[in-house]
Amino acid sequence: MARPLRIVIAGGGTAGWMAAATFARFLETGFDIDLIESDAIGTVGVGEATIPQIRLFNDALGLDEDAFLRATGGTFKLGIEFVDWHRKGSRYMHAFGDVGRDVGLLPFHQYWLRARALGLAGDLSAYSLNTQAALAERMQRGPARTAQVLPGMPYAYHFDAALYARHLRRYAETRGVNRIEGKITRVTRDGESGDVSGLVLEDGTTVSADLYIDCTGFRGLLIEEALETGYEDWTQWLPCDRAVAVPSARSAAFTPYTRSTAHAAGWQWRIPLQHRTGNGVVFSSAHMSEDEATATLLAGLDGEAMAEPRTITFRTGKRRRMWNRNVVALGLAAGFMEPLESTSIHLIQSAVSRLLTLLPGQTISEVDRAEFNRQSDFEWSRIRDFIILHYKATERDDTAFWRQCRDMAVPDTLAAKIALWQANGHIVREREELFAEVGWLQVLAGQGLVPRGHHPLADAISPSDLGEFMDMIDKLNAREVAQMPSHAAFVAQHCAA
Ligand code: FAD
């Protein structure tokens, strides 16, 4: 029988324990799995908002949803509200789930574009059940009562990422993952192949494996410090490079959505958990000092600060190769996508799933590595484009930061998407792209980009039928929302911590 394949996970933040839990669940036999982490170093300590795909991850592990929410102080998330992004005083929601209802060949928004041009339709948000429920601070699970006419309500979570890591640690350790407490002081490499050959701990022991998973956070102890993989810097498009974060006391507004409010040189997040609200200001240090950012953060809280504000420095971008030699980087070791669309935890999830699909044996094949890197690059670059869109499509010109964002050249892939929308309202999702048409739609429209035309098939319906159709969706949403319990009552009933 072949000897077990040895996998070592370096780092036990959200990334390390998500990988460990997945391996524990799906690599039950034939594998030895160790995880090394250092309590003295700790984790990044932020990361609270997710997207609906996290439910697939938790389901795959067989986690009980209410128990997981209790353990992590979690709440429900129906979308993200963007305030002051298009222009000061503007607000729109990027909600999960469909907007309106497609008819025949055409996506709903083509009818909406025509109806709007005729003065028969309101804001896009009226046609999204999630947006309406979010703004009313309501929540329900399961399909909408009017599911035959309108789709159900997808949701994600807000949670304490450190508590999530702890929850997954319990899961992984009970299923055989061996946790080693210790600080990695040196990474050794094989003189011939150049592969990583061992991780030397402070106490002198060496831990060796066939495959190393680098989850050591921003430093990328293996992927960068040892292998010098290189970093693709995206600062030219995403100039924010700092965050100041502080938790505040839970406020009366227990919103089932994340709020992102643009400020003079970046934006502020607000994420309601059961036991506190997470807040942070993301900013560009070239345009705003840390003191100004901290003052902006504290002025924007709706509850008392519960700790001293903490600054985190980052550089948006990604490793040139996320899988290099016998090291696969996950989480912050793989790169940093600013948290505007809550995608980082998802990127860990999708990378772990990709790795499971392409899992090597004792010999690593270059084609597997190349395929892993190709898929990762595609996923990261399309999410990057989506985030850049929020900055680029703005009418704000009140500060040098916003003028720079508005005037910057964007990647060709994004420029093509914007051009396609602006002509006739077409949105094309490429294979494997994370955000669906309806996500792009809400941000393109929310940021104030109006197409010059619409699909001619939308003209086939009479204006009175079109008006009635729009009205019907709006009314069905309102009726549905009125029947839902409040988010606070829902959490209290099902998953109070
Ligand atoms: P870390 O949490 O930094 O963990 C690193 C681990 O490596 C730790 O266990 C540490 O002890 C260990 N380690 C490091 N060096 C050594 C060593 N020498 N020896 C032994 N162990 C070592 N993501 C989202 O999905 N949604 C969000 O809303 C969101 N908001 C964010 C806001 C900000 C400001 C930032 C910076 C990130 C945000 N993220 C968000 C990203 C999210 O926080 C991370 O993707 C996630 O927490 C994973 O972090 P990690 O495990 O890669 O790294």
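Reader: How many bridges join strand β13 to strand β17, and how do I read such a pairing?

Author: Two strands are taken to pair if DSSP finds at least two bridges between them, and the strands themselves, like the helices, are DSSP runs numbered from the N terminus, where a strand is E with at least two residues and a helix is H or I with at least four. In this predicted model, local features need pLDDT of at least 70 and side-chain atom pairs count only at pLDDT 80 or more, whereas totals for chains, interfaces and linings use all residues. Residues are numbered from 1 along each chain as its sequence is written. In the present case, four bridges join β13 to β17 (residues 310-313), and the two strands run antiparallel; as one example, A243 has I312 as its bridge partner in β17.

Reader: How many residues of β13 are buried?

Author: A residue is called buried if 20 or more other C-beta atoms lie within 10 Å of its own, exposed if 12 or fewer do, and partly exposed in between, with the C-beta atoms placed from the backbone. Seven of the seven residues of β13 are buried, so this strand is largely enclosed by the rest of the structure.

Reader: What is the order of the strands in the open sheet that contains β18?

Author: The order is β12-β18-β21, three strands with antiparallel pairing, and the edge strands, β12 (231-233) and β21 (335-336), each pair on one side only. Three bridges join β12 to β18 (residues 317-319), and Y231 has R319 as its bridge partner in β18.

Reader: Where does UniProt place the feature "binding site"?

Author: Such positions are given in the numbering used here, with feature names shortened, and the annotations may be inferred rather than shown by experiment. The unreviewed UniProt entry places "binding site" at G12, G13, T14, A15, L332 and I345. These positions span 334 residues in sequence, yet no two of their C-alpha atoms are more than 13.8 Å apart, so they gather at one spot.

Reader: What do A15 and L332 touch?

Author: Two residues are in contact if their C-beta atoms, placed from the backbone, lie within 7 Å. A15, which has its place in helix α1 (residues 14-26), touches C215, L330, G331, L332 and I348, not counting residues up to four places away in sequence. L332 has its place in the loop between β20 (327-329) and β21, and with the same exclusion it touches A15, V44, G217 and F218. A15 counts as buried with 33 C-beta neighbours inside 10 Å, and L332 counts as buried with 26.

Reader: How many residues surround the ligand, and which are the closest?

Author: A residue is near a molecule or strand if its C-beta atom, placed from the backbone, lies within 6 Å of it. Around the ligand there are 37 residues, the closest being G11, G13, G47, G217 and G331. The elements that give two or more residues to this shell are α1, β2 (31-37), β13 (242-248) and α9 (344-357), and the largest share, three residues, comes from α1.

Reader: Which residue does UniProt list for "active site", and is K77 buried or exposed?

Author: The unreviewed UniProt entry lists K77, a residue that lies in strand β3 and is buried, with 30 other C-beta atoms within 10 Å. Leaving aside its neighbours within four places in sequence, K77 is in contact with residues including A49, T50, Y155 and H158.

Reader: Which residues are buried in helix α15, and why do they line one face?

Author: In α15 (residues 487-494), the buried residues are H487, A488, F490 and V491. Seen down the axis of α15, they fall within an arc of 165°, so they line one face of the helix; the arc is that of the directions from the helix axis to the C-beta atoms. What covers the buried residues of α15 includes β3 (75-77).

Reader: How many helices and strands does the chain have?

Author: The chain has 15 helices and 21 strands, and 50% of its 497 residues count as buried.
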